[in-house]
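Subject: Structure handover and notes

Dear colleague,

I am passing on the structure below, and I would be grateful if you could read it alongside the notes that follow.

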Amino acid sequence: MSLLTIENIVKSYFHKTVLDHVSLRVQEGDRLGFIGANGAGKTTLFKIINGQEKAEEGQIIKTSNVIIGYLTQHIDDSSGIEFSALRSRELEELEHEIHTLEIKMGSFENHECIEYRTITQEYERLTSKFESLDGYSYERNMKETLQGLGLKDNALLRPLSSLSGGEKMRVALARILLMRPDILLLDEPTNHLDVNAMEWLEDYLSKFKGAMILISHDRYFLDKVTNQTAELDSGKLETRPGNYTKYMAQKSIELDFARKELSRIEKELERQTQVKQTMLSHRNMSGYHAREKVVDKLSDELSNAKSATIHSLSKRMSFKILPKEQIGDPKRILVQADLLGKAFDGNIIFSDVSFLLRACDKIVLAGPNGCGKTTLLSLLLGQLSDYDGTVRCSSNMKYAHMGQHVFFDDEECTPLEEFLTRTDSSQGQARSTLARFGFVDVDCYKKISVLSGGERSRLYLACLLSEMPDALFLDEPTNHLDIPSREILEDALSDFNGAIFSISHDRYFIEKCAQKVYGFINGTLEEFTSYEQYRLAEKKKKSITSATNVCVLDATDNSFDSNNEMTLEKSPLKIRQNKAEERRSVALRRKKIRYYEQTIATLEEEKIQLETGFNAETTPEDYRYYADLLVSIDQAYEKYMELQDEDS
């Protein structure tokens, strides 16, 4: 069933059309990935759907009673700012109104009067609304959702005004998810989320029963949660079935066909033009005029084909960067780190970190927020002096660094001027190089101060690579970049002939550019051949830690220790205390039973996954982990049965 229909929407800003007769139909179960360059008009279309902006032409048709949940990039925290993340202004106001009505109803002796009936009717209406908003379970559900999104416990009870931008975004997203909307409009929902939170959100959206339109530059995320893709380009919307990767594969096939078709028409036009001239030279006027019509028809066909494809072809054109010439041994060591450690105010960030960076390495540093990735990069760059261990660098190594935010000395100069100032290139060479990074024609003459974040990053990288460094140190290089900018950057780094040491959460970028992944696990660094291998190892470590905690829980939880029982005198007060204590003990025991049930289910599921994955390539470490897992399962079952006996 169609939930939302967008018909011929037109919208312009300052005489520039951003939406040119855009149409789209959203059905139940659709998960639409909405892609396009920054400024293409994606967020504008969301605002028109949500009624925040008006279209100049066209209409939005929604099914009656459809609920739309809209997450914006910029969170408005003015609503409920004095409340914590777990509370809702609307529910607080409803509770207050219900309580006020309860007091009024209690003051009536005559329950048959009209005023009392009016109050009870309003009371029933408000309580029904409170229940429909899950008022009684809202706080519990909100807590579970926020913890899944990675909001720490100490942030759950703080006023919203004290939370960071990323934390406020998670609260807004959680509130939208609890609305159980029919359609989700999500504008960059993975901003500020670490990998654990993104994986939780991926799992949630994969199971979401309603429809969804998702704006995102995270291609891995798009592949995981979408089943259709729509690209907004030059005001036009093109939609195809399949996730981002399937969409781009199909588009690549079509563009390749378009190139071949253009080449065919050009060759045929050239041949027919020669035939026409031959007819003229032989004075065959009837044949000449016939060929003239063919040539005119081919000329029109060529013009139409070029106008339909030239824009896409120019955007997908592949520029190859001239790699730096390798000098010396490509496996020579540029950086050697031995037993590095860093602490702040007595808190250990990481310890015993050792690795090598060779001249041919492409390494990505991965890990959750706060694990010390940027700290380690700062340490390697010589920006920190107070640390444990040693860092040795090659004496003749030339390196370049690009942080999350790039700065230029003169914001008033143009990209072409900036590049010429920093290199020995001629103007022709400079323009050719800048074209490889997406600066074509007038883009070379804009002021740097008006460039977008993606354009600034591309220009900065073009300048860095032109300096021919031996190693590049990058901190989240794809942050704030749209997909076209990410692809240009990835192509440039793939062609770069030196070493790369980069921090990144962008899983698509990691898969494309990394030869090795260094991942933080429990405060130290381990080497992996892929990002997926790192995530699997991280989850295994967490599972082992959880299983170990199951085994030692009774030794550390005095609330379950039967040796702490006391004999009390049988006074009425103490009898009541005994009964209250007994109820608490029963509740705690049952809570522990549920805990073991969940733990056993988790461990059993992991056991099945391991067993189905055993093959000739299974390592001894995997078998040892499997054996440890079986021991943990047995211990968990033993404690579970003991508690069941106590409860019976």
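Among contacts in the protein (heavy atoms within 4.5 Å) between residues at least 6 apart in sequence, 69% join residues at least 24 apart. Please bear in mind that this is a predicted model, in which local features need pLDDT of at least 70 and side-chain atom pairs count only at pLDDT 80 or more, while totals for chains, interfaces and linings use all residues. Residues are numbered from 1 along each chain as its sequence is written, and side-chain values use heavy atoms, with hydrogens and water left out.

The secondary structure comes to 19 helices and 18 strands, taken as DSSP runs numbered from the N terminus (helices H or I, at least four residues; strands E, at least two). Of the 648 residues in the protein, 42% are buried, where buried means under 20% relative accessible area, exposed over 50% and partly exposed in between (1.4 Å probe, protein chains only).

Helix H10 spans residues 285-316 and includes Leu298, which is buried at a relative accessible area of 9%. Leaving aside residues up to four places away in sequence, Leu298 touches Ile265, Glu268, Leu269 and Gln272. The C-alpha atom of Leu298 is separated by 9.6 Å from that of Glu270, 28 residues apart along the chain.

Helix H11 (residues 373-380) is mostly covered, with 7 of its 8 residues buried, namely Lys373, Thr375, Leu376, Leu377, Ser378, Leu379 and Leu380. After H11 comes Gly382, whose phi is positive, near 80 degrees.

The axes of helix H12 (residues 415-422) and helix H14 (residues 453-466) come within 10 Å and cross at roughly 20 degrees; axes here are lines fitted to C-alpha atoms, for helices over the stretch in contact, and angles run from 0 to 180 degrees between N-to-C directions. H12 is therefore roughly parallel to H14, a term for angles under 35 degrees, with over 145 counted as roughly antiparallel, 65 to 115 as roughly perpendicular and the rest as oblique. On the H12 side the contact is made by Pro415, Glu418, Phe419 and Arg422, and on the H14 side by Leu459, Tyr460, Ala462, Cys463, Leu464 and Ser466.

As for disulfides (pairs of cysteine sulfur atoms within 2.5 Å), the count comes to 0. Cys463 is in none, since the nearest cysteine sulfur, that of Cys413, is 8.9 Å away. Cys463 is buried, with a relative accessible area of 0%, and Cys371 is likewise buried, at 12%.

With best wishes
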